[in-house]
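Please look over the sequence and the structure shown below before reading on.

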Amino acid sequence: MAELTTLESLLEMGFGRNRAEKAVANTGNQGIEQAMDWLMEHENDPDIDEPYVPPAGNVLGGEADETTAGDSGEAPLIAEEDELYSDNPEASKRPMTEEEKREQVKRLEELMRVKQAERRERERAEEVEREKQRRRQGQELQQIRQKIQDDEMKKLADQRRREKMEDKLARQRVKDKIARDREERAQKFGGGAPPSTMTSTQPTPPSPSSPTGQGPPPTKKEYDESRIQVRLLDGSTINTVFKAQEPLAAVRVYVQMNGNTPEGQDFTLLSPYPRHIYTELDMEKPLKELGLVPSAVLVVTKK
């Protein structure tokens with residue numbers, strides 16, 4: 001039974017002539033399988049359907065083709081087709097019947113389906129490998145981002161610890177200064193009260209000449225301490241006792257250290273009755289001078 005040439009087989013399978021000619025020429029007319037492989041690999045080429053132009057000098061045909069073309073006067077393309085596409089010279093001796101053509105085309109189509117299935121399987125494997133590569137790259141990128149985020153959090157935590165330590169040291173310096181001021185005032189005034197008040201607080205003995213035995217009215221009592229109640233922002237209160245000569249700043253520091261005022265929240269103090277808001281200048285004045293002795297109620301308000 002005569003066999004179809006590679007070019008005829010491709011045409012019978014439905015490929016365009018331009019595609020078939022290019023497939024046969026580019027595979028060196030080595031058979032239908034190589035031609036189909038080439039067509040599947042190059043089916044998306046932009047010039048796949050353009051007419052085939054043989055190379056100069058007819059590399060595949062050689063000098064014999066040029067001589068034949070020159071002697072016969074035929075076009076080079078016809079000579080090339082006779083040389084390139086006639087892979088079975090016996091096919092020209094007896095034409096194939098329609099049934100033989102159908103059988104051969106059926107075999108070729110089955111071969112094409114196998115090739116296409118192999119190609120799809122190869123493409124699926126390549127896609128799976130690309131997906132694995134993409135996931136690996138995504139995991140590496142996520143790890144890099146996580147490391148950067150962890151480093152940033154560590155830096156913020158270190159900065160926060162430094163700020164807390166600096167704030168703690170600043171508070172300690174204020175407490176130390178208040179303690180030193182207390183000691184200095186105690187040494188200067190003998191426990192917080194001036195010497196003149198010490199003598200004035202002593203009771204006056206009754207006059208022996210008084211017929212009733214009663215002396216003059218007692219002098220006004222001098223207090224050296226003040227009991228302060230502070231009402232905080234949330235309505236709760238704290239109570240403590242200060243020396244009468246301590247500055248109002250000592251009360252403010254006590255509120256900062258023992259109240260529930262949010263860290264960094266600036267506030268001021270005021271007296272509700274009569275209403276009086278204490279300024280920064282008042283913070284240096286003694287409680288006695290501000291009229292907060294022997295007891296007083298102060299309110300914390302936001303600045």
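The following paragraphs take up confidence, the sheet, the cores, a helix and the pocket in turn.

**Confidence**

This is a predicted model, and its protein chain has an average pLDDT of 78, with 75% of the residues scoring at least 70. Two stretches call for care. Over residues 192–201 the pLDDT stays under 50, and the model has 10 contacts there beyond four places in sequence. Over residues 209–213 the pLDDT also stays under 50, and here the model has 1 contact beyond four places in sequence. Where pLDDT is low, the predicted coordinates should not be read in detail.

**The sheet**

Five strands form an open sheet with mixed pairing, in the order β2-β1-β5-β3-β4. At its edges stand β2 and β4 (276–277), and each has a single partner strand, so one side of each has no neighbour in the sheet. The pairing of β1 with β2 is antiparallel and runs over 7 bridges. Between these two strands the hairpin has 5 residues, and in it G235 takes a positive phi near 95°.

Across this pair, I228 stands opposite T240 in β2, while S226 stands opposite F242 in β2. The two faces of β2 are unlike in their cover, as the table sets out.

| Face of β2 | Residues |
|---|---|
| covered | I238, T240 and F242 |
| uncovered | T237, N239, V241 and K243 |

V241, which has its place in strand β2, is partly exposed, with a relative accessible area of 35%. Leaving aside residues up to four places away in sequence, V241 touches E225, S226 and R227. From V241 to E225 the separation is 16 residues in sequence, and their C-alpha atoms are 6.7 Å apart in space.

In soluble globular proteins, nonpolar side chains tend to be buried together. In this model the largest nonpolar core has 21 residues, of which L248, V251 and L292 touch the most other members. Two or more residues of this core come from each of β1 (225–231), β2 (237–243), α8 (248–258), β3 (267–271) and β5 (295–302), and α8 gives the most, with 5 residues. What does L292 touch, beyond residues up to four places away in sequence? The contacts of L292 are S226, I228, L248, S271, Y278, L287 and L298.

Apart from this core lies another, made of 15 residues, including A23, M36, M40 and M112.

**Helix α2**

A23 also belongs to the buried part of helix α2 (residues 17–26), where A20, E21, K22, A23, V24 and A25 are buried. After α2 comes G28, which has a positive phi, near 70°.

**The largest pocket**

How much space lies in the largest pocket? The computed value is about 610 Å³. Its lining is made of 25 residues, and those closest to the centre of the pocket are V174, A249, R252, V253 and Q256. The elements that give two or more residues to this lining are α6 (98–189) and α8, with the largest share, 9 residues, coming from α6.

How values were computed: Residues are numbered from 1 along each chain as its sequence is written. This is a predicted model: local features need pLDDT of at least 70, side-chain atom pairs count only at pLDDT 80 or more; totals for chains, interfaces and linings use all residues. Side-chain values use heavy atoms; hydrogens and water are left out. pLDDT is the predictor's confidence in each residue, from 0 to 100. Contact means heavy atoms within 4.5 Å. A nonpolar core is a set of buried Ala, Val, Leu, Ile, Met, Phe, Trp, Tyr and Cys residues joined through side-chain atoms within 4.5 Å. Buried means under 20% relative accessible area, exposed over 50%, partly exposed in between (1.4 Å probe, protein chains only). Helices (H or I, at least four residues) and strands (E, at least two) are DSSP runs, numbered from the N terminus. Two strands pair if DSSP finds at least two bridges between them. On a 1 Å grid over the protein atoms alone, a cavity is a set of points where a 1.4 Å probe fits but cannot get out, and a pocket is an open set with protein on both sides within 12 Å along at least five of seven lines; lining residues have an atom within 4 Å of a point. Grid points are joined across faces, edges and corners, and a volume is the space filled by probe spheres set on the points.
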